[in-house]
Amino acid sequence: MEIVTHSLVQIANVHIFPIISFIIFFTFFLLMGYTVYKAPKSYVEEMAKLPLDDNGESLTEDEEDLNA
Amino acid sequence: MKLEKFTYDNQLTKLFMFATVFWGTIGMLVGLTAAFELIFPALNAGIPWLTFSHIRPLHTNAVIFAFVGNGIFTAVYYSTPRLVKNPMYSQLLGKIHFWGWQLIIVSAALTLPFGLTQSKEYAELIWPIDIAVVIVWVVFGINFLMTLIKRRMKHLYVAIWFYIATWVTIAVLYIVNNLQLPTSFLHSYSVYAGVQDALVQWWYGHNAVAFFLTTPYLGIMYYFVPKAANRPIYSYRLSIIHFWSLIFIYIWAGPHHLLYSALPDWVQALGVVFSIMLIAPSWGGMLNGLLTLRGAWDRVREDPVLKMFVVGITAYGMATFEGPMLALKSVNAMSHFTDWTIGHVHVGTLGWNGMLTFGMIYWLAPKLFKTKLYSRALANTHFWIATLGILFFAVPLYFAGFTQSLMWKQFTEAGYLAYPNFLETVTEIMPMYYLRAFGGSLYFAGMILFVINIWKTAVAGTFVRYEEDQAPALEKLRPENVEKLKWGWHRKIEGNAVKFTIFALVAILIGGIVEMVPMFMVKSNVPTIAAVKPYTPLELQGRDIYVSEGCYLCHSQMIRPFRSEVARYGEYTKAGETVYDYPTQYGSKRTGPDLAREGVTSLPNYKPDSWHYNHLIDPQKMNAESIMPPFPWLAVNDLDIASTPAKIRAMMTLGVPYPKGYDTLAVRDLKKQAHEIGDNLRQSGIKVDDNKQIIALIAYLQRLGTDIYKNKK
């Protein structure tokens, strides 16, 4: 292992790379979780049925309500 | 609301479907031949293009790009128009895409077995074909994205997200990995060398698995499983998390193919961590697929389509659990270079890709030909023999992997290798190779039943080329209302195909950039070694023979820093030793021993020129139990000496420090060295001319690993 740790040490601030990667991923994941949690039920249900739906509608129910 | 009428054209779906069936049969037949050649090395009958190392890349490329590739396009051309309520944008672009792709496959079949290869795994195709691939991929992309832009549905269903990610990521991967400098119409050198090339190769290699074998098939799962089960997808929320986390994480995992190699440890660590994290989205997706069948399990007993889907998705779950486990350094120390990896890969390809393709086509063919499936019983038989085939394929290879690896690492009480002769460890696992060939035969027999069933179905029905549908015109959410939506920002990305593509691109670029930029920028990642010198012209030509004969498919050139490997092969491989290897020949499998120190005279495994000559001509004459194919043509074929100056110039362009103007002197040096080796062989009683390919290959083999040993003397 010495050879590997040796080449590790030679890179300036090498520890920053995994830390940055972790922060990017974790923030992204939290944001995604929050977004999905917030997604309206009507939207989620309509989307889940989409492949089975033979009569397409271009807006979900809540969007139609907004446009009305 | 006024409904607009429009027509779907099924012509291209049908063509792609038939191409999938046809190339699947060919690709698997080639694979089966390769499996039998490992048992009967003489099966190639002395024909170069039939030899294991020539057809193995044909097998991998055929099943990935021809079978799975056409499978992807079948799904995209069928499901996309129906999901966005609009026919495909252009029938002409579709035709160019279809015929262009088939032409590429034929070109691959006419080049790879004949030794025209780059030697980058799953990216072996030579540069003119690479350019064709890029052009056809762009044509496909325009047709696909324009269909999305012109759609009637505001929302893009999750299957389409996976198609988008596939298109954009494969474009990036393919171009970056295939950057090369041509020396002639049929030959080129990769612009990357050594560890950097290895990183790029496996960033590509792993993500070819991710974005060609996985994401588009998840699209298939998200569309065809609900269709066949007549149930909505279990959780759309889960599918959103599944999508973004999968594409974001997958792209980082490539370095787990290079654990304990000369790749810097920080890159290896990133590869491991992200591989472990991959379990979460992969299993999220798998469960989402399986749970879609809730309430439909009674039908799984009867319906071959659903059976295929269940086994396919289960295989996906198993392969995506096993993958991260194999990426753990302690497990990888044992599994890497063995048949375990081959077993793992085939659970994914035969199980996930194969079964999903079969299920999709068993569902689709009756729809396209407006009839019933010719025989449900035949499809059920196919299901069972294919499932058994997968087990007979994978399980023996797991045992072969454990066994061989443990034998490689076994020491006697006195501290010597228990099995110093590599061949002993091969002979031990031969029964497993027999069983694998049996498993492969079963799976292939199933494939034949599939072909018959689909053909009979097509003949019995009438092809429905056009299908009418109707939907309201695209109604836009008024801009002032977008902000009022509870989850406006995601809605904005998702409602716009171009924006979505850009976001997916950003997600996949982050991983690649974090791993690659420091690898290329920070010089200390590849510590230079003064003793390491460029190859002589003859060695360089010999290296090209090594590449075109496909030696890298069975022999690694990467000694890992383990006691067992150092004792067997010599000093472990350093990053600085491979700086002139365009591309690297680390390899990924040891069907034969590692060759990284093949030329070091002070090591116990050293073999003289005459041994190499006789061994290459007839390996079984030297070792009766060897499973290496014979390469007698190397002693017959002349070396293409005229190509030497161009090759040297290309090397110089890439930064190899030959003296200025060396290209004009190279042929003289080449002939001088060839004459020395020729004389040496003739003294051993071998009749050979200096200008034969075998002389160059011996020169290369005798050079391997010697540089750093020069200092030790």
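## Second largest cavity

The lining of the second largest cavity comprises five nonpolar, five polar and six charged residues; Ala, Val, Leu, Ile, Met, Phe, Trp, Tyr, Cys and Pro count as nonpolar, Asp, Glu, Lys and Arg as charged, and the others, Gly among them, as polar. The model is predicted: local features need pLDDT of at least 70, side-chain atom pairs count only at pLDDT 80 or more, and totals for chains, interfaces and linings use all residues. Residues are numbered from 1 along each chain as its sequence is written, chains are lettered from A and ligands numbered from 1 in the order in which they are written, and side-chain values use heavy atoms, with hydrogens and water left out.

Of the 16 lining residues, Tyr535(B), Glu577(B), Thr578(B), Asp581(B) and Gly705(B) lie nearest the centre of this cavity. Its space amounts to about 210 Å³, and the structure holds seven cavities of 30 Å³ or more. On a 1 Å grid over the protein atoms alone, a cavity is a set of points where a 1.4 Å probe fits but cannot get out, whereas a pocket is an open set with protein on both sides within 12 Å along at least five of seven lines; lining residues have an atom within 4 Å of a point. Grid points are joined across faces, edges and corners, and a volume is the space filled by probe spheres set on the points.

## Largest pocket

The largest pocket holds about 850 Å³ of space. Its lining has 41 residues, with His555(B), Gly592(B), Pro593(B), Leu595(B) and His615(B) nearest the centre. By class, 24 are nonpolar, 11 polar and six charged.

At least two lining residues come from each of α2 (52-84), α15 (422-460), α20 (563-569), α21 (609-617) and α25 (693-703) of chain B. The most, four residues, come from α21(B). Helices (H or I, at least four residues) and strands (E, at least two) are DSSP runs, numbered from the N terminus.

## Second largest pocket and helix α23

About 630 Å³ of space lies in the second largest pocket, where Gly115(B), Leu116(B), His187(B), Asp544(B) and Ser548(B) are nearest the centre among 33 lining residues. Two or more of the lining residues come from each of β3, α19 and α23 of chain B, and α19(B) gives the most, with six. The lining divides into 14 nonpolar, 14 polar and five charged residues.

In α23 (residues 644-653) of chain B, Thr644(B), Pro645(B), Lys647(B), Ile648(B), Ala650(B) and Met651(B) are buried, that is, under 20% relative accessible area with a 1.4 Å probe, protein chains only. Their cover includes β2 (180-182), β3 (188-190), α19 (537-548) and α24 (662-683) of chain B. Gly655(B), with a positive phi near 110°, follows α23(B).

How values were computed. Buried means under 20% relative accessible area, exposed over 50%, partly exposed in between (1.4 Å probe, protein chains only). Contact means heavy atoms within 4.5 Å.
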